[in-house]
Amino acid sequence: MSEFRVLVLFDTPSIKQFVFGTDALREIRGASAMLDQLNRTDTERELRKSLPSGATLDRVYANGGAAQFVLRHCNEAEARHACESVVGHFINETAGDVHPVYGVAQCGNDQTYQAAMTEAHFELRSRREILTIRHAPQLMPLVAECTSASHLPATGLFAIGDDQARLLSESSRRKEVRGRVAREHGMWAEWMEHLASLGPWPEADQWDELRCNSVVEIGQRGGLESYIGLVYADGNAMGRIVQNLDSQDTCRVFSDTVDGSIRKACFAALDKVCQREIGAIRAAVGSADKLRPLPADILLLGGDDLLVVVPADRSIDFAAAASQEFQRLTTIELKAVTATGVREFFSRHVGDSGFTISSGVAIARSSYPFYLLLDLAEDLLKNAKRRGSDVAQDGAPTAPEAYVDFHVVAGSNSFRLGQLRKDDYHVDSAAPRTLRPMSLNHLKTLRDSISALRSVNFPRSKLHALHEASLMQSTEQAERAIRDIFGRCKFSAERNERRMLWQAVESLLPPNWSFNFPWFERDGKRVLAVADIVEASDLFDEL
């Protein structure tokens, strides 16, 4: 007979509403830091405090807004009582704006770990569905709305720091206060500690000076001034693996590997794209020179999720670097597993490669509404993950390949990515005008192509003309216009614009396709990559 245990699962369904219910950067990062602490630290602490005497707790994981624990020497009723204490703590700390859900199931005594997981997930999902049914509160006839999160009523007029007094909800006030202290921001502080471990770095009481106060400030630090890139990354095929986890040890290794690797990959990618600023800060340590903030911020990080804002011309490089580093780190971690059953599980489901992440990169002016930019990043991420799943080999024990999709918002209007790609890029036709989403290898080739065009100072006027031509409704008109522009390019030993344009397009040719400038052709289908080259021409730094 197996040992009697109680399996407890937690999830936080209202994360995005809590974190991104405002456009204010300080409130976003304050909310993110609050949730990170609640999830990683407070959940386990409150659960332990509420368990009966003699009960023990084994933490399987607590990250990314979710958690799993195995309890011993207590029954299901006692476990649910302890879970309610955790829920109450979340509600109190966030002024009622976050309400986690939980599921409890007996594990052992003829109920396998997988069966207990299924039962606990069913209860968790049921609680989540009930939570969506909210009664409208009875309010006074005159209620002022929060100036930061308009879906909440203001509870007072607050002047925080040197800012002018504002009508804020209690939730927004707490997020704003938390967002002003860098030392308390788990994710930001972790990056600072990581940088300090690699060389000279300012003391912790100076870390506030290294963080930009707004996305506008971040946008001003890039080569494409006033433009920012919002990078949203997420693990590929993680749900499939989670459904097959067959033991507590396997689940712990999976969660620790993914969560630890996504954090390290994020820091490594930020190190790469901010290396100039990091070098300047290291050189200024010990001097009287004023420290200049790093042009980046971490908005969400944990589990298999990553959300970072950087200057537009560093966003694609960041996404590619994070994806490469994540797969490298997870490959190393899985090869280091020694437990036979756990090693065999990952060999069956992942093979010799590690896990992968795909990314959506939404690029717009820093003044663009943040919630619209986030919606776009989510749509781009879904596109990238879908492409990876489409090209994955059926039945192969490997994670889908990492893909990146990007888009530059040219106007101020909101839109849905699917409709835009259909109307402007003709993705549902036999002649789509984009290769996006792109694999990491294709992104590298795209970067090299743009570098080649810059080497001959390819005129911006011709780039704009190429972009307009490539999106023409008629394929014949598009081809004629592009070839006309090609014919007008300079062709000399000193400045061979024509050769560089031809090579830039040809280099993106997918395997097993033929090239008939400017088209890629196969089986009656034609694809045009000119718009990809033009739109990415300003999105790579220091080529």
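## Largest pocket

Helix α4 (residues 113-131) supplies seven residues to the lining of the largest pocket, the most of any contributor. Helices here are DSSP runs of H or I of at least four residues, and strands are runs of E of at least two, numbered from the N terminus. This is a predicted model, in which local features need pLDDT of at least 70, side-chain atom pairs count only at pLDDT 80 or more, and totals for chains, interfaces and linings use all residues. Residues are numbered from 1 along each chain as its sequence is written, and side-chain values use heavy atoms, without hydrogens and water.

The lining has 49 residues, with D11, G64, A66, D304 and D305 nearest the centre of the pocket. A pocket is an open set of points on a 1 Å grid over the protein atoms alone, where a 1.4 Å probe fits, with protein on both sides within 12 Å along at least five of seven lines; lining residues have an atom within 4 Å of a point.

## Second largest pocket

In the second largest pocket, 27 residues form the lining, and R387, T434, L435, R436 and P437 lie nearest its centre. Helix α13 gives the largest share, six residues. Elements supplying at least two residues each include α14 (417-425), α15 (440-455) and β15 (525-528).

## Cysteines

The whole structure contains zero disulfides (pairs of cysteine sulfur atoms within 2.5 Å). For C266, the nearest cysteine sulfur belongs to C274, 10 Å away.
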